[in-house]
Amino acid sequence: MATEWELEFGTERPMGLDHLMRTVVDTQMAAKMTAAQRAAAAWYRANGDRERTHTTGVFLKRPRRPDAAPILGVYVDSHAMATDFGVNKDIYLARLANVGLEVSGIEFLPSREGSRMARIARTEASPATAGLPDLSEQERQEVSTLAATVPTSMRESVSKAIELSMRREKKRSTQD
């Protein structure tokens, strides 16, 4: 039986990890997600690296009219980005509609937490990671190999998640 890809393009394409993850999230997890979580997933799916880099949070607001769709609120890391994204509101609304999210408007607000890089730096210096052992060079290579299978836009965050998981497991195994 021909796959959907073969029917559309005439050749078989191997299923990548990113496609598999999207399929799982879209079908199985969407039922368990809140409306705000689905809106955030749609925002990240509809936009590119620039928007993902500068977005610090996504939420839904009640519409101004009771019969209208909700308003999407997007926290960004600076006033300049809020202005820049605000200029392109119509483009973002069209992108969101293309991924199936209906909103009556979109508002860009500067985050009180600051930039994503500042949050990452605070996380890296947090007491939760302070007592974890460092990874060996071989373990770091393993992290790089595992993270290489995901899209470039997600690679850094996936690498950090894998590394933290390995460091926690390493600590647990040395305590036993």
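I started with the outward side of helix α5 (residues 79-87): the face turned away from its buried side carries the exposed residues His79, Ala80, Thr83 and Val87. A reminder to myself: this is a predicted model.

Next I asked which residues of α5 are buried. I found Met81, Ala82 and Phe85. They cover an arc of only 105° around the axis, so they sit on the same side of α5.

Then I looked up what covers the buried residues of α5. The cover includes α4 (49-54), β2, α6 (89-98) and β3 (105-110).

I searched the whole structure for aromatic pairs and got 6. One of them joins Phe85 and Phe108 edge-to-face, at 5.6 Å centre to centre and with 75° between the planes. Because Phe85 lies in helix α5 and Phe108 in strand β3, this pair ties together parts that are 23 residues apart in sequence. Phe108 has 11% relative accessibility; the cut-off for buried is under 20%, so Phe108 counts as buried. I also noted one aromatic cluster, formed by Trp43, Phe85, Tyr92 and Phe108.

Last, I turned to the strands. β1 (residues 55-61) has 5 of its 7 residues buried, so the rest of the structure largely encloses β1. How does β1 pair with β2 (residues 71-76), and over how many bridges? The sense is antiparallel, over 6 bridges. I looked up Val58 too, and its bridge partner in β2 is Val74.

Conventions:
Residues numbered from 1 in each chain as written. Predicted model: local features only at pLDDT ≥ 70, side-chain atom pairs only at ≥ 80, totals over all residues. Heavy atoms only, no water. Buried < 20%, exposed > 50% of the residue type's maximum accessible area, 1.4 Å probe, protein only. Helix = DSSP H or I, 4+ residues; strand = E, 2+ residues; numbered from the N terminus. Pairing = 2+ DSSP bridges. Arc of directions from axis to C-beta. Contact = heavy atoms within 4.5 Å. Phe/Tyr/Trp six-rings, centres within 6.5 Å; stacked < 30°, edge-to-face > 60°.
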